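Hi,

Here is the structure I promised to pass on. Have a look at it first, and my notes follow below.

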Amino acid sequence: METFEKHWYVLHTYSGYENKVKANIESRAQSMGMEDFIFRVVVPEETETEVKNGKKKETIHKTFPGYVLVEMVMTDDSWYVVRNTPGVTGFVGSHGAGSKPAPLLPEEINSILKSLGMSTRQTDLEIAVGDVVTIIEGAFAGLTGQITDIEEERQKLKVNIDMFGRETSTELDFDQVDSI
């Protein structure tokens, strides 16, 4: 079942080694020339604010301890690279005996990434500051606007739209716009 579509998969890791596994996969993908097959590696985390003795303290908790998400094209080579990364104990949804795992459903990964403040769409958009885009989702759907800032890391962009005769700036996810 070798397809050349990228999907999200869940890796099982040793608990506490999630960030190390992420770094290992990213470095192995680069050193083994797999950048066209292994795209994003995500360790879902959430920040919790606690108040102790009158002081605010932020702590970061793993949303899914012992698990790492990886966006990849499942080929024999990419599967081998990820599966044999130190700290990875296997893929979730694989039945062992060399069988390839089942990817996450689009609605599952959309929900997880949205809760983390990330976009499901990697920069397939060919956009630059100054370009005009159409907003396809959210409160401003159907409007067009000009891009004033792009934040690749957070998958966000700022767009100026004309609203009631005034220029208004709004922050949008990459998957909320389409290029014209």
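The strands concerned are β3 (residues 45-52) and β4 (residues 55-62), which pair in the antiparallel sense over eight bridges; two strands count as paired if DSSP finds at least two bridges between them. Two residues lie between the strands of this hairpin, and N53 there takes a positive phi near 55°.

Before you go further, some ground rules. This is a predicted model, where local features need pLDDT of at least 70 and side-chain atom pairs count only at pLDDT 80 or more, while totals for chains, interfaces and linings use all residues. Residues are numbered from 1 along each chain as its sequence is written, and side-chain values use heavy atoms, with hydrogens and water left out.

Now the overall picture. The protein chain has three helices and 11 strands (DSSP runs numbered from the N terminus: H or I of at least four residues for helices, E of at least two for strands). Their order along the sequence is β-α-β-β-β-β-α-β-α-β-β-β-β-β. The C-alpha trace spans about 65 × 55 × 30 Å along its principal axes. Of the 180 residues, 35% count as buried (under 20% relative accessible area; exposed is over 50% and partly exposed in between, with a 1.4 Å probe and protein chains only).

In soluble globular proteins, nonpolar side chains tend to be buried together. Here the largest nonpolar core holds 18 residues, and L11, I25, I38, V70, M72, V82 and F91 touch the most other members (a core is a set of buried Ala, Val, Leu, Ile, Met, Phe, Trp, Tyr and Cys residues joined through side-chain atoms within 4.5 Å). Two or more residues come from each of β1 (6-13), α1 (18-31), β2 (38-42), β5 (67-73), α2 (76-83) and β6 (88-91). A second, separate core has 11 residues, including I127, F140, I161 and F174.

On the surface, F64, Y67 and V92 form a nonpolar patch with about 230 Å² of accessible area together (Shrake-Rupley, 1.4 Å probe, only the protein chains shown as cover; patch members have over 30% relative accessible area and no salt bridge, with nonpolar side chains joined within 5 Å). V92 is in the loop between β6 and α3 (106-115), and counts as partly exposed because its relative accessible area is 37%.

Happy browsing!

Methods
Patches are made of residues with over 30% relative accessible area and no salt bridge: like charges are joined within 9 Å, nonpolar side chains (Val, Leu, Ile, Met, Phe, Trp, Tyr) within 5 Å. A salt bridge is a side-chain nitrogen of Lys or Arg within 4 Å of a carboxyl oxygen of Asp or Glu.
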